[in-house]
Amino acid sequence: MDFNEAFGPGDVDGGLINVVVEIGKGSSLKIEWDRENKVMKLDRVEPAIFAKPTSYGFIPQTLDEDGDELDVLILTDEPLPTGLVMEGRVIGVMKFVDDGEVDDKVVVVPSDDRNTGDAITSLDQVHPQLIKQIEFHFNNYKALKKPGSTKVEHWGDAAEAIEVIHESIQRWNDK
């Protein structure tokens with residue numbers, strides 16, 4: 001299935017977006033959506049010490065400045081399986097640069113999280129230790145191969161994330 005044909009970005013202005021999961025939390029497998037072949041593809045195996053601190057995916061029908069669909073960090077207690085499509089509530093954005101290219105990460109929680117009672121509605125409510133772990137991961141996950149090639153620039157709120165999503169939708173529409 002082509003996720004970009006089957007799903008749009010979602011209700012962006014309402015803060016609810018569609019997310020396609022590529023990598024489950026805790027995995028060291030770098031799985032990526034191959035847009036041309038319409039398949040999830042193993043790109044590489046990362047060192048186990050750099051397993052993903054969150055599940056990871058993308059927003060359909062978007063393009064970030066790096067030419068890939070806009071990335072999403074999904075905050076859940078359990079890992080999510082590759083290929084799952086979910087509705088996420090936008091709570092923020094991690095402004096990120098990878099090898100000199102903008103590669104932002106929108107941060108979401110499930111739109112219906114009955115386990116927490118939908119307790120997290122903004123980035124400010126995420127435990128500071130998790131934010132530190134995510135930032136450490138992304139600042140260092142390429143350190144063994146390309147030291148200094150990644151940098152978390154700052155964290156933004158949901159309004160900033162929605163602006164980033166709209167810009168990415170525009171790039172998709174202009175392609």
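Visitor: Let's start with Asp 98: is it buried or exposed?
Guide: Keep in mind that this is a predicted model. The cut-off for buried is under 20% relative accessible area. Asp 98 comes in at 10%, so it counts as buried.

Visitor: And which residue does the side chain of Asp 98 meet in a salt bridge?
Guide: Look for a nitrogen and an oxygen 2.9 Å apart, N to O.

Visitor: Which residue forms a salt bridge with Arg 35?
Guide: Arg 35 is partly exposed, at 28% relative accessible area. The closest N and O atoms are 2.8 Å apart, and the partner is Glu 69.

Visitor: Where in the chain do Glu 69 and Arg 35 lie, and how many residues apart in sequence are the parts they tie together?
Guide: Glu 69 is in the loop between strand S5 (55-58) and strand S6 (71-74). Arg 35 belongs to the loop between strand S3 (29-34) and strand S4 (39-45). The pair therefore ties together parts with a sequence separation of 34 residues.

Visitor: What about Lys 30: what is the N to O distance in its salt bridge with Glu 32?
Guide: Lys 30 is buried, with a relative accessible area of 7%. Glu 32 counts as partly exposed, at 28% relative accessibility. Their side chains meet in a salt bridge with an N to O distance of 3.2 Å.

Visitor: Which residues are linked with Arg 44 in a network of salt bridges?
Guide: The salt-bridge count for the model comes to 13. In this network, Arg 44 is linked with Asp 43 and Glu 46.

Visitor: How many positive and negative side chains does the protein chain have, and how far apart do the centres of the two sets lie?
Guide: There are 18 positive side chains and 35 negative ones. The distance between the centres of the two sets is 5 Å.

Visitor: Now the backbone. Where does Lys 38 lie, and what is its phi?
Guide: Lys 38 is in the loop between S3 and S4. At 39% relative accessibility, Lys 38 counts as partly exposed. Lys 38 is not a glycine, yet its phi is positive, at about 55 degrees.

Visitor: Which loop holds Asp 118, and what is its phi near?
Guide: Asp 118 is found between strand S9 (105-110) and H2. Asp 118 is partly exposed, with 31% relative accessible area. This is a residue other than glycine, and its positive phi is near 55 degrees.

Visitor: Which residues is Asp 77 in contact with, leaving aside its neighbours within four places in sequence?
Guide: Asp 77 is in the loop between S6 and S7. The cut-off for exposed is over 50%. Asp 77 has a relative accessible area of 60%, so it is exposed. Even so, it is in contact with Lys 25 and Asn 115.

Visitor: And what does His 166 touch, not counting residues up to four places away in sequence?
Guide: His 166 lies in helix H3, residues 158-174. His 166 is partly exposed, at 34% relative accessible area. The residues that His 166 touches are Val 12 and Asp 13.

Visitor: Let's zoom out. How many helices and strands are there in the protein chain?
Guide: Along the sequence the pattern reads α-β-β-β-β-β-β-β-β-β-α-β-α. That gives three helices and 10 strands.

Visitor: What is the radius of gyration of the protein chain?
Guide: The globule rule gives 16 Å for 175 residues. The protein chain is close to that, so it is as compact as a globular protein of that length, with a radius of gyration of 15 Å.

Definitions and conventions: Residues are numbered from 1 along each chain as its sequence is written. This is a predicted model: local features need pLDDT of at least 70, side-chain atom pairs count only at pLDDT 80 or more; totals for chains, interfaces and linings use all residues. Side-chain values use heavy atoms; hydrogens and water are left out. Helices (H or I, at least four residues) and strands (E, at least two) are DSSP runs, numbered from the N terminus. The radius of gyration is taken over C-alpha atoms; the globule rule is 2.2 Å times the number of residues to the power 0.38. Lys and Arg count as positive and Asp and Glu as negative; His and the chain ends are not counted. The place of a charge is taken as NZ of Lys, CZ of Arg, CG of Asp or CD of Glu. A salt bridge is a side-chain nitrogen of Lys or Arg within 4 Å of a carboxyl oxygen of Asp or Glu. Buried means under 20% relative accessible area, exposed over 50%, partly exposed in between (1.4 Å probe, protein chains only). Contact means heavy atoms within 4.5 Å.
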